[in-house]
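Subject: Structure handover

Hello,

Here is the structure you asked to take over. My notes on what I found in it follow below.

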Amino acid sequence: MVDLCCGTGVNLEELSSAVGSRGAVIGVDLSEGMLSEARERVRAAGLANVQLVQADVRDYQLPDEAAAVLSTFGLEMVPAYDEVIEGLAERLPVGGRVGLLGLKHPEGWPDWLVEAGVVATKPFGVSRDYEDFRPWTAADQHFDRRSFREHLLGAAYSYVGEKAQGLTSLGNGEP
Ligand SMILES: C[S@@+](CC[C@H](N)C(=O)[O-])C[C@H]1O[C@@H](n2cnc3c(N)ncnc32)[C@H](O)[C@@H]1O
């Protein structure tokens with residue numbers, strides 16, 4: 001299991017117990033500052049099956065054994081998310097899964113409310129620069145959509161896709 005843009009490693013403990021002692025989790029992030037916090041978290045929790053890698057997700061090659069990828073509040077900050085997701089689809093085996101959780105433009109909100117939300121969440125790196133980014137639509141091109149849900153009245157989403165045999169392009173017209 002690979003956690004792309006793992007940041008300080010908030011997902012790692014749960015992923016570590018989900019894959020168990022015979023599985024492995026790799027957290028990948030560009031920032032040494034984030035990774036040093038993640039390292040401390042891994043050490044404090046004694047997570048023997050977690051490894052951390054400093055890399056740009058655009059260059060990172062999934063290991064052959066990887067069966068699933070998660071990215072939470074990560075890929076919508078990567079302008080080349082399309083390319084990254086295409087790379088995941090090439091490397092994951094049939095049946096491999098990708099899970100995404102992130103912020104999105106809340107359709108139907110008045111612009112002043114969107115602006116207020118962006119100002120309130122700016123300390124967490126939220127910016128209108130990312131509002132047109134739609135990683136789940138890129139994922140739909142390569143994965144069979146298993147679920148898509150909106151959260152926070154449309155300001156966030158979660159997506160799960162699975163790589164199907166021979167699936168190269170799929171578009172189901174959903175948001
Ligand atoms: C908002 S944080 C999310 C961290 C974590 N996934 C979470 O849910 O708390 C976004 C993370 O993406 C990382 N990031 C942004 N661009 C990246 C890139 N091109 N390659 C790797 N990591 C990147 C940042 O360093 C940061 O740690």
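**The loop between β6 and β7**

Leu 153 counts as exposed, because its relative accessibility is 77%. Please keep in mind throughout that this is a predicted model. Leu 153 sits in the loop that links β6 and β7. Leu 153 is not a glycine, yet its phi is positive, at about 55 degrees. As background, most residues other than glycine have a negative phi. Leu 152 belongs to the hairpin of β6 and β7, where four residues lie between the strands, and it takes a positive phi near 50 degrees.

Two of the pairs across them can be named. Arg 145 stands opposite Gly 161 in β7, and Phe 148 has Tyr 159 of β7 as its bridge partner.

**The sheet**

In what order do the seven strands of the open sheet run? The order is β3-β2-β1-β4-β5-β7-β6, with mixed pairing. The edges are taken by β3 (50–54) and β6 (144–151); each has a single partner strand, so one side of each has no neighbour in the sheet. From one strand to the next, the twist averages 15 degrees.

Helix α1 packs on this sheet and touches β1, β2 (25–29), β3 and β4, while its direction makes about 150 degrees with that of β2. Helix α2 (residues 32–45) lies across β2 and β3 and runs at about 170 degrees to β3.

Leu 12, Leu 15 and Ser 16 are the buried residues of α1. They lie on the same side of α1, because the arc they cover around the axis is only 100 degrees. In general, residues three or four places apart in an α-helix point the same way, because there are 3.6 residues a turn. The exposed residues Glu 14, Ser 17 and Ala 18 are on the face of α1 turned away from the buried side. The cover over the buried residues of α1 includes β1, β2, α2, β3 and β4. Just after α1 comes Gly 20, with a positive phi of about 75 degrees.

Ser 16 is part of α1, which spans residues 12–19. Why does Ser 16 count as buried? Its relative accessibility is 9%, and the cut-off for buried is under 20%. Leaving out residues up to four places away in sequence, Ser 16 touches Val 25, Leu 47, Asn 49 and Val 50.

With one of these, Asn 49, the side chain of Ser 16 makes a polar contact of 2.7 Å. Asn 49 is in the loop between α2 and β3. Asn 49 also counts as buried, because its relative accessibility is 15%. Among the residues that Asn 49 touches, beyond those up to four places away in sequence, are Val 19, Gly 20, Gly 23 and Ala 24. Ser 16 and Val 25 are on that list too.

Which residues of helix α3 (residues 81–91) are buried? They are Tyr 81, Val 84, Ile 85, Leu 88 and Ala 89. These residues share one side of α3, because they cover an arc of only 140 degrees around the axis. They pack against β1 (2–4), β4 (68–72), β5 (97–103) and α5 (135–140). On the face of α3 turned away from the buried side are the exposed residues Glu 83 and Glu 90.

The loop between β4 and α3 contains Phe 73. Phe 73 is partly exposed, because its relative accessible area is 42%. Phe 73 is another residue other than glycine with a positive phi, here near 50 degrees.

**What the record says**

An unreviewed UniProt entry carries the annotation "domain: Methyltransferase" for residues 2–96. Over residues 2–96, the chain is 35% helix and 19% strand. The C-alpha atoms at the ends of residues 2–96 are 11 Å apart.

Regards

Methods:
Residues numbered from 1 in each chain as written. Predicted model: local features only at pLDDT ≥ 70, side-chain atom pairs only at ≥ 80, totals over all residues. Heavy atoms only, no water. Helix = DSSP H or I, 4+ residues; strand = E, 2+ residues; numbered from the N terminus. Buried < 20%, exposed > 50% of the residue type's maximum accessible area, 1.4 Å probe, protein only. Polar contact = N/O pair within 3.5 Å; in protein donor to acceptor, adjacent residues only side chain to side chain. Contact = heavy atoms within 4.5 Å. Arc of directions from axis to C-beta. Pairing = 2+ DSSP bridges. Axes fitted to C-alpha atoms, helices over the stretch in contact; angles between N-to-C directions. UniProt positions renumbered as here; feature names shortened; annotations may be inferred.
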